[in-house]
Amino acid sequence: MDSAAVKALAKDLGADLVGIASAKTLNAFPPDPRWPQTPDRISPHCKSVIVIVSRIPVAVFRAKAPVAVQYMDMMVLRRMDVIAHKLAEALEREGHPSFVTAAQETDWDLKNASYGRLSTRHLGIEAGLGTFGLEVNILTPEFGPRIYLTGILTELELEPDERITEQVCIGESCSRCLYSCPTDAVKHFGIDKRACATAAQEFGFMTSLGVFEEMIDCDDDERRKEIVESRDIYGFWQGLLRVVGSFGDCPRCLAVCPVGNDYHAHLTAPQKVIPEKTPEKVEKAKRFKEARKAGEPIPGLDDWNKRWVGEEGYQGLVARQLQAFKAEQKARAAAHAESRDAEPAGADAPAADER
Ligand code: SF4
Ligand code: SF4
């Protein structure tokens with residue numbers, strides 16, 4: 001099986017996007033060398049990582065409440081795991097040992113925070129599927145950040161994809177993710193994970209820890225009873241059942257990002273105004289822009305990290321994409337009008353015996 005065959009199979013199984021990264025490159029460029037998330041820590045035999053993407057349906061970002069995205073997140077993740085598992089099985093049937101990594105699990109030995117054995121965002125970038133946004137989500141040209149990814153580790157040596165060196169993110173002059181963030185967690189190509197978690201993981205690990213600690217320390221029976229019957233406990237229960245509330249709770253930076261044809265087609269109008277935008281956030285974005293222009297040291301853009309942001313900087317990808325999208329829309333409308341004109345008069349009217 002070569003790369004083209006593997007990609008065709010992944011698409012047939014339902015992947016929205018697929019790319020391939022070489023294990024050698026992933027081992028040489030861990031996201032943070034202090035806590036290396038590399039394939040060789042998992043298997044010394046891995047030669048390639050096949051990265052598949054499942055998009056989150058755009059409709060959930062048009063909904064009024066985040067519950068729509070929370071529930072779909074769970075379904076998208078489960079479906080993605082099934083696709084990845086089937087792909088790994090197909091590779092094994094061909095004689096190439098392969099397995100799927102957990103996309104959303106934390107390796108407690110690396111760091112006491114949400115920090116997986118592999119970083120799926122970095123896998124996606126190394127597999128040529130996108131680059132970092134200002135809020136360090138991976139942005140794909142096709143669906144922006146409205147995606148999930150997972151990796152299949154295989155012992156089959158496959159031709160890797162080229163990394164995108166052009167910055168997909170518009171950058172400081174856009175800063176829409178920064179404006180929309182309810183906890184002001186967006187840094188300069190970085191994220192304050194703890195601040196983000198307060199909105200994105202309402203019933204996540206840190207919240208549960210706080211509640212259990214309060215319960216253990218509490219010597220007031222009344223208060224302990226209140227905690228047991230609280231919304232938090234119900235939230236954890238629901239999270240265990242359906243993942244809802246455990247992570248991905250806050251859809252704001254995903255919803256407002258103008259990268260991707262799904263945004264051009266369905267989100268431009270509903271996400272045009274960002275209610276969370278404040279003069280302070282505008283000032284913060286301005287400072288980011290000035291710092292980059294002045295060449296000041298920015299950790300998210302240092303010599304190690306700029307690899308995943310796109311060394312060439314922003315070259316107008318989103319503007320080009322929008323123009324192409326509009327041209328396609330125009331062509332489709334013209335073709336539709338032409339086919340209607342070509343229909344014989346009265347073709348739409350049902351025949352007498354069909355009424
Ligand atoms: S909203 Fe703008 S600045 Fe933020 S990630 Fe998307 S393109 Fe980049
Ligand atoms: S998920 Fe929500 S809280 Fe976290 S960075 Fe994005 S907008 Fe901010």
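Start your tour by selecting strand E2 (residues 48-55) and strand E6 (residues 147-154): these two run antiparallel and are joined by 8 bridges. Keep in mind as you go that this is a predicted model.

Now widen the selection. E2 and E6 belong to an open sheet of 4 strands, and the pairing in this sheet is antiparallel. Follow the strands across in the order E1-E2-E6-E3. Which strands stand at the edges? They are strand E1 (17-22) and strand E3 (98-100); each has a single partner strand, so one side of each is left without a neighbour in the sheet. As background, strands of a sheet pair through backbone hydrogen bonds.

How many cavities of 30 Å³ or more does a search of the whole structure find? There are 2 of them. Go to the largest cavity, which holds about 100 Å³ of space. Its lining is made by 15 residues, and those nearest its centre are Leu 139, Cys 169, Cys 174, Cys 177 and Cys 257. Colour the lining by class and you will see 10 nonpolar, 3 polar and 2 charged residues.

What sits in this cavity? Select ligand 1, and you will find it there, in the largest cavity. Around ligand 1 are 14 residues, of which Cys 169, Cys 174, Ser 175, Cys 177 and Cys 257 come nearest. The shell around ligand 1 divides into 9 nonpolar, 3 polar and 2 charged residues.

**Ligand 2**

Move on to ligand 2. Show the side chains that surround ligand 2: Cys 181, Pro 182, Thr 183, Ile 191, Cys 196, Ala 199, Cys 250, Arg 252 and Cys 253. Two elements give two or more residues to this shell, helix H6 (193-200) and helix H10 (252-255). By class, the shell around ligand 2 has 7 nonpolar, 1 polar and 1 charged residues.

**The second largest cavity**

For the last stop, select Leu 26, Phe 29, Pro 30, Pro 31, Gln 37, Leu 118, Ser 119, His 122, Leu 123 and Glu 126, which line the second largest cavity. The volume of this cavity is about 50 Å³. Highlight helix H4 (residues 120-126) as well: the largest share of the lining, 3 residues, comes from this helix. Coloured by class, the lining of the second largest cavity shows 6 nonpolar, 3 polar and 1 charged residues.

How values were computed
Residues numbered from 1 in each chain as written. Chains lettered and ligands numbered in written order. Predicted model: local features only at pLDDT ≥ 70, side-chain atom pairs only at ≥ 80, totals over all residues. Heavy atoms only, no water. Near = heavy atom within 4 Å. Nonpolar A, V, L, I, M, F, W, Y, C, P; charged D, E, K, R; others polar. 1 Å grid on protein atoms, 1.4 Å probe; cavity = no way out; pocket = protein on both sides within 12 Å on 5 of 7 lines; lining within 4 Å. Sits in = over half its atoms within 2 Å of the grid points. Points joined across faces, edges and corners; volume = space filled by probe spheres on them. Pairing = 2+ DSSP bridges.
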